[in-house]
Amino acid sequence: MKIVFIGPGYMSIPPKGWGAVESLVDDYRNELIEMGHEAIVINTTDLILAAQITNGLNPDFVHIQYDDHIQMAYMLNCKNIGITSHYAYLESSENWTKNYRNIFWWFVNSGVNLLCLSEGIQEMYRKAGVKNHRLHLTPNGVKSDLYEFHESPKYPDRSIYLAKIDFRKRQHLFQGVENLYFAGPLADDRFDPKNERYLGEWPRSYLTKNLTNYASLVLLSDGEAHPLVCLEGMVAGLGLVLSKQATANLDTSLPFIEVVPEEIIQNEPEELQKIIKKNREISRIMRKDIRDYALSNFTWKKVINEHYIPTVSSIVKEG
């Protein structure tokens, strides 16, 4: 099949630094090409130009990978169109901006196929009146061969909070938690960058080599879709300490995945510290099990074979 991906257009694909959407679009392209498909990425903010190029390619399927580009669907000749929302608050309508409310209803009323990162996102669209034939579960995957894995971490008593430091990720709340280290670009003035456990912004090459040095990964955001960092952490052998909002597609009954109630996140730092410490202790002795779970469920090859290609094939078949 010939599949065209429409990127956001604000940074390169692949990205030179942080850029989750850009990274996953590049992973989709590379994996599909390896499987024998023709995968092309068009990455520009000029939707008219993007549509003209796409129409000239005459693809079997067009996959728009940026919420704000939903209007491009009306410019395409191809009948087989899908779009994925990466909006972190999609399941939390109380946090929607006015602009996003408009985008959400564009999605609902567009008639295009909605490729959803989680069952929770599917349910949001279903409640808004979208019929099941337009809803498709297509979770994110991880490029597992990029990440080093050591059965024993270099820092067995450390956890890492690896994410852009911003309001949604809430790192400023946890700077007093012992043995919790932070890495990511700064975008929240409530966070003290002079904290001795702030490690700065990790280049991708450093991240893939050094993530395995930690015992566990912490992500206590108040909104997420399907966070790639959880998959990256598990491939590197790290257990997870998560807010409920960060648990999409994960088996939270597993002993190395701890979901922290919001009351504790907001008001009980000492209890949170105990939870993170306990997760480290469990995760240190289960590193191979953690990695095996990620490899069994979230490699790009598995995600594309079991979710993406069947979805795209069914849409193209229906025409």
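1. Start with a charge above a ring. Arg158 lies over the face of Tyr155, 4.1 Å from the ring centre. The rule asks that NZ of Lys or CZ of Arg be within 6 Å of the ring centre and within 35 degrees of the ring normal. Arg190 lies over the face of Phe167 as well, at 3.8 Å from the ring centre.

2. A word on the source. This is a predicted model, in which local features need pLDDT of at least 70 and side-chain atom pairs count only at pLDDT 80 or more, while totals for chains, interfaces and linings use all residues. Residues are numbered from 1 along each chain as its sequence is written, and side-chain values use heavy atoms, with hydrogens and water left out.

3. Now the overall build. The protein chain has 10 helices and 11 strands. Both are DSSP runs, numbered from the N terminus: helices are H or I with at least four residues, strands are E with at least two. The radius of gyration is 20 Å, close to the 20 Å that the globule rule gives for 319 residues, so the chain is as compact as a globular protein of that length. That radius is taken over C-alpha atoms, and the globule rule is 2.2 Å times the number of residues to the power 0.38. The C-alpha trace spans about 55 × 40 × 35 Å along its principal axes.

4. How much of the chain is buried? Buried residues make up 55% of the 319 residues. Buried means under 20% relative accessible area, exposed over 50%, and partly exposed in between (1.4 Å probe, protein chains only).

5. Next, ring pairs. The count comes to 23 aromatic pairs. Rings of Phe, Tyr and Trp (its six-membered ring) pair if their centres lie within 6.5 Å; planes under 30 degrees apart are stacked, over 60 edge-to-face, and the rest tilted. Tyr28 and Tyr308 have ring centres 4.6 Å apart and planes at 45°, so this pair is tilted. Tyr28 lies in helix 1 and Tyr308 in helix 10 (residues 300–318), so the pair ties together parts that are 280 residues apart in sequence. Tyr28 is buried at 2% relative accessible area, and Tyr308 is buried at 0%.

6. Phe182 and Phe191 make an edge-to-face pair, with 5.3 Å centre to centre and 70° between the planes. Phe182 is buried at 0%, and Phe191 is buried at 3%. Elsewhere, ring pairs link Tyr87, Tyr89, Trp96, Tyr100, Phe104, Trp105, Phe107 and Tyr125 into a cluster.

7. Then the open space. The largest pocket has a volume of about 1,200 Å³. On a 1 Å grid over the protein atoms alone, a pocket is an open set with protein on both sides within 12 Å along at least five of seven lines, a cavity is a set of points where a 1.4 Å probe fits but cannot get out, and lining residues have an atom within 4 Å of a point. Of the 38 lining residues of this pocket, Gly19, Ala20, Val21, His86 and Arg168 lie nearest its centre. Helix 1 gives the largest share of the lining, 4 residues. The lining divides into 21 nonpolar, 7 polar and 10 charged residues. Ala, Val, Leu, Ile, Met, Phe, Trp, Tyr, Cys and Pro count as nonpolar, Asp, Glu, Lys and Arg as charged, and the others, Gly among them, as polar.

8. Last, the closed space. There is 1 cavity of 30 Å³ or more. The largest cavity holds about 40 Å³. Its lining includes Tyr28 and His86. By class, that lining has 3 nonpolar, 6 polar and no charged residues.

Key
Grid points are joined across faces, edges and corners, and a volume is the space filled by probe spheres set on the points.
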